[in-house]
Amino acid sequence: MWSSFTYEEPSVSSLLILSSWLYLLNVFGYLAQRLLSAGLLGQILIGVIYGTPLARWLDESWEEAFVAIGYVGLLVVVFEGGMSSSISTLTALLPLSTCIALTGLLCPIAMSFVLVPMGSFSFVHAFAAGSALSSTSLGTVLAVLNPSSIGFDLRRTKLGTALLSAAILDDVVAFILVKVLQVIGAGSGSGSSGGGSIGANIGRTIGVTIGLGLALLILSRFILRPAYRQMRTIRQSRLVTKGSLLLCMVLVFIGLVAAAGYAGTSPLYGAYIAGLACAYLSEAELVASPPKSLPVELLPTRKPARSYTFPTTTPIPTPIPSPPRSPSGSIADGDSCKKPGLRSTFEELVAPLLNHLLLPIFFGSIGYCIPFVPLWQGCVIWRGIIYAILMMLGKGICGAWLLLWKRSQSGSKGAIFLGLAMIARGEIGLLISQVAYHTTSPLLVEDEFLIVTWAIVICTIVGPVGVGWAVKRWGRKILDGGWE
């Protein structure tokens, strides 16, 4: 007996709710961007209003679907962040990024033990709270780095690269912490088998993260880049079209996200290294053998032999410039320069869909995951605010590494910017706190969960607003001190 889903016309109310939801996500995002320089806050607010916390206009099945669609948007924006990165800058700043990530991880966990006397937390529950607040919201970081948000592209600068790679490392560690909390919450953390399970999860995640990165490095260096360069240098080749380049990006993206997820590390890490692979391939786009007939240097401007003659006009002496050079110094083929590239294809075909549909849905889905009404309890509010202040300090201190690294005070504006950008917790913090709250043996009881949620919400508001303030006040001066 075959079966199929029964197609039924949606009700008018459903159509009105869905269409207004999608439209208002963009409207409120635009208004919040103009007023607060943080468009994601308007989209989170619409999620709170339309979803479970308040109006309940979105069915539960819709909310589940939007969470999945929004997470695809998060993966794509992480991929874009990787593709916009500079490989050489990333490699040079990896030690600095590691220091920033470790500081942003350990300080919030250590400061969270103040909850033991302040909120009557147990030590295990304080560790669970600190784990949730040790994360950095990748979606928020990439949203505030978007050129449309701040007016210039920070992603290929040293400052932007250090910030993004530190957030990625935080995400990988957050994935480990989720596994640890699941084991502890299942009641097996106290026994020897539980300790072995925790160790196995940590070892597997670290091993897969390093192994996947090394495997991709070898594959890109010796197979993908030579093949891509050869494809672009073939004259009159019809292989290099926007459609074929989009297919290449989709295959790399899906392959590495699936490999990371099934192997035991974060899918966001897979999306990021997929973007890095495409950035590495993009460096080969201008590298080709020059035609023998083209000169290398500028020719004298008044040689009649080098003038171009147009119909019905007199000869016009014109200088013939050198062919464009790639960053590595190789001469680019003029035909190759006319072909579309990976970055330009992404910007034209994917970026509009990402910016106007997928990302608004992602931030809207965060909104209806916030337990808005229960937050407004007196004892929960003041404890949550105090805890949020501590957690902002725990992440804000990360910016000090910029001053220590250069041993100069000239980068203080960039240090403040980086510290503010690291504050937002967003989706990763909510995920860890809800895992801790819903385990078999809860690691956060209701009031503890609400205190942690208060801290996550306040940090997610203060971080983007602070970044917007810094950019408005200093502009490109945040790159002073050698961080451009």
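1. A quick definition before we start: a residue is called buried when its relative accessible area is under 20%. By that cut-off, the residues of helix H6 that count as buried are His-125, Ala-126, Ala-128, Ala-129, Gly-130, Ser-131, Ala-132 and Leu-133. Please keep in mind throughout that this is a predicted model.

2. How much of H6 is hidden? Helix H6 covers residues 123–133, and eight of its eleven residues are buried, so the rest of the structure largely encloses this helix. The cover over those buried residues includes helices H4 (87–111), H5 (115–119) and H9 (158–185). Helices H15 (378–396), H18 (426–438) and H19 (446–474) are also among the elements that cover them.

3. Stepping back to the whole chain, the secondary structure consists of 19 helices and zero strands. Of the 484 residues in the protein chain, 49% are buried. Among contacts with a separation of 6 or more, 80% join residues 24 or more positions apart. The chain exposes about 22800 Å², and 67% of that area comes from carbon and sulfur atoms.

4. The largest nonpolar core contains 115 residues, and Val-78, Leu-154, Leu-159, Tyr-387 and Phe-417 have the most contacts inside it. Helix H19 is the biggest contributor to this core, giving 14 residues.

5. Leaving aside residues up to four places away in sequence, Tyr-387 touches Ser-112, Leu-115, Met-118, Ala-129, Gly-130, Leu-133, Ile-451, Val-452 and Ala-455.

6. Next, a helix pair worth a look. The axes of H2 (residues 39–50) and H14 (residues 342–367) come within 6 Å and cross at roughly 55°. The two helices are therefore oblique to each other, and their crossing is right-handed. On the H2 side, the residues that meet H14 are Leu-40, Gln-43, Ile-44, Gly-47 and Val-48. Their partners in H14 are Leu-359, Pro-360, Phe-363, Gly-364, Ile-366 and Gly-367.

7. Ala-258 and Gly-270 are twelve residues apart in sequence, with their C-alpha atoms 7.6 Å apart in space.

How values were computed:
Residues are numbered from 1 along each chain as its sequence is written. This is a predicted model: local features need pLDDT of at least 70, side-chain atom pairs count only at pLDDT 80 or more; totals for chains, interfaces and linings use all residues. Side-chain values use heavy atoms; hydrogens and water are left out. Buried means under 20% relative accessible area, exposed over 50%, partly exposed in between (1.4 Å probe, protein chains only). Helices (H or I, at least four residues) and strands (E, at least two) are DSSP runs, numbered from the N terminus. Contact means heavy atoms within 4.5 Å. Accessible areas come from the Shrake-Rupley method with a 1.4 Å probe; for residues, only the protein chains shown count as cover. A nonpolar core is a set of buried Ala, Val, Leu, Ile, Met, Phe, Trp, Tyr and Cys residues joined through side-chain atoms within 4.5 Å. Axes are lines fitted to C-alpha atoms, for helices over the stretch in contact, and angles run from 0 to 180 degrees between N-to-C directions. Angles under 35 degrees count as roughly parallel, over 145 as roughly antiparallel, 65 to 115 as roughly perpendicular and the rest as oblique. A crossing is left-handed if the near helix is turned anticlockwise from the far one by less than a right angle, and right-handed if clockwise.
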